Structure formats: structure tokens, C-alpha cells
Amino acid sequence: MVMNILVSNLSESINNSDLVSLFSTFGNVSYAAIVREKRSGRSKGTAFLEMPFEAQAEQAITALHLSFLDGKRILVQEIIYKPGEFNN
């Protein structure tokens, strides 16, 4: 089962490939995107990832939550979307 992951408190210097490299040590990463400000393109310090295998994603969350990345303690957690949550 695919697992969606939220990573927050990221340094501005972190990019998508940095996240893929970090999470790939636990398994396949099918999607990674840093949330950016529309006008400036600067990182908002948050990213969304998707890992296709639940066991690998759970390992990554457990190992990386509250770890340090580029001098900042990151927060890593599963995101559970509710049906229709984004249908406005």
C-alpha cells in the first residue's frame, strides 16, 4: 500500500533529490516535492513524499523522525488523506 509522508522543518538548501537520496536508503521513493512559495520559489521548509511500500515507508519514518538534516531537526510523519478532502 502506498504511503504518503510529510517532512517538515527542512533547511532552505534541501532539494527534491536530497530527499530522494535520504529516503531511498529505506526503499523506493515514487514522488518527492518541496513546497515552495509561488512568487519567490523559496522553500517553505515542507515536503511531500510517496513511498509505494508501506513497510519501507514505516522504516523511513521511524528512522528519520527527529533526525538532523543540514543542521535542522526534521519532522517526518505519515499523511492520511480522507476521501473527498481536496474536492472543493
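Helices (H or I, at least four residues) and strands (E, at least two) are DSSP runs, numbered from the N terminus. By that definition, Leu 49 sits in strand S3, residues 43-51. This is a predicted model, in which local features need pLDDT of at least 70 and side-chain atom pairs count only at pLDDT 80 or more, while totals for chains, interfaces and linings use all residues. Residues are numbered from 1 along each chain as its sequence is written, and side-chain values use heavy atoms, with hydrogens and water left out.

**The chain as a whole**

- Two helices and six strands make up the elements of the chain, and their order from the N terminus is β-α-β-β-α-β-β-β.
- The chain is as compact as a globular protein of its length, because its radius of gyration is 13 Å, close to the 12 Å that the globule rule gives for 88 residues. The radius is taken over C-alpha atoms, and the rule is 2.2 Å times the number of residues to the power 0.38.
- Along the principal axes, the C-alpha atoms fill a box of roughly 35 × 35 × 20 Å.
- Of the 88 residues, 34% count as buried. Buried means under 20% relative accessible area, exposed means over 50%, and partly exposed lies in between (1.4 Å probe, protein chains only).
- The chain exposes about 5,700 Å², and carbon and sulfur atoms supply 51% of this area. Accessible areas come from the Shrake-Rupley method with a 1.4 Å probe, and for residues only the protein chains shown count as cover.
- Among contacts (heavy atoms within 4.5 Å) between residues at least 6 apart in sequence, 61% join residues at least 24 apart.
- The mean positions of the 8 positive and 9 negative charges are 12 Å apart. Lys and Arg count as positive and Asp and Glu as negative, while His and the chain ends are not counted. The place of a charge is taken as NZ of Lys, CZ of Arg, CG of Asp or CD of Glu.

- Leu 49 is buried, with a relative accessible area of 1%.
- Leaving aside neighbours within four places in sequence, the contacts of Leu 49 include Met 3, Ile 5 and Val 7, as well as Leu 19, Phe 23 and Tyr 31.
- Ala 33 is 16 residues from Leu 49 along the chain, and their C-alpha atoms are separated by 6.5 Å.

**Helix H2**

- In helix H2 (residues 54-64), the buried residues are Ala 57, Ala 60, Ile 61 and Leu 64.
- Seen down the axis of H2, these residues fall within an arc of 95 degrees, so they line one face of the helix. The arc is that of the directions from the helix axis to the C-beta atoms.
- An α-helix has 3.6 residues a turn, so residues three or four places apart point the same way.
- The buried residues of H2 pack against strand S1 (3-8), helix H1 (16-24), S3 and strand S6 (75-79).
- Ala 55 and Thr 62 are exposed on the other side of H2.
- Glu 58 also belongs to H2 and is partly exposed at 39% relative accessibility.
- Glu 58 and Asn 9 are 49 residues apart in sequence, and 19 Å apart in space from C-alpha to C-alpha.

**Two residues with positive phi**

- Most residues other than glycine have a negative phi.
- Leu 66 follows H2 and has a positive phi, near 70 degrees.
- Leu 66 lies in the loop between H2 and strand S4 (68-69), and at 41% relative accessibility it counts as partly exposed.
- Asp 70 is not a glycine either, yet its phi is positive at about 55 degrees.
- The place of Asp 70 is the loop between S4 and strand S5 (72-73), where Asp 70 is partly exposed with a relative accessible area of 45%.

- Leu 69 is part of strand S4 and counts as buried at 16% relative accessibility.
- Not counting residues up to four places away in sequence, Leu 69 touches Leu 10, Ile 14, Leu 19, Leu 22 and Ile 74.
- Ser 13 lies in the loop between S1 and H1 and is partly exposed, with a relative accessible area of 48%.
- Beyond its neighbours within four places in sequence, Ser 13 is in contact with Asp 18 and Asp 70.
- Ser 13 and Glu 58 are 45 residues apart in sequence and 25 Å apart in space, C-alpha to C-alpha.
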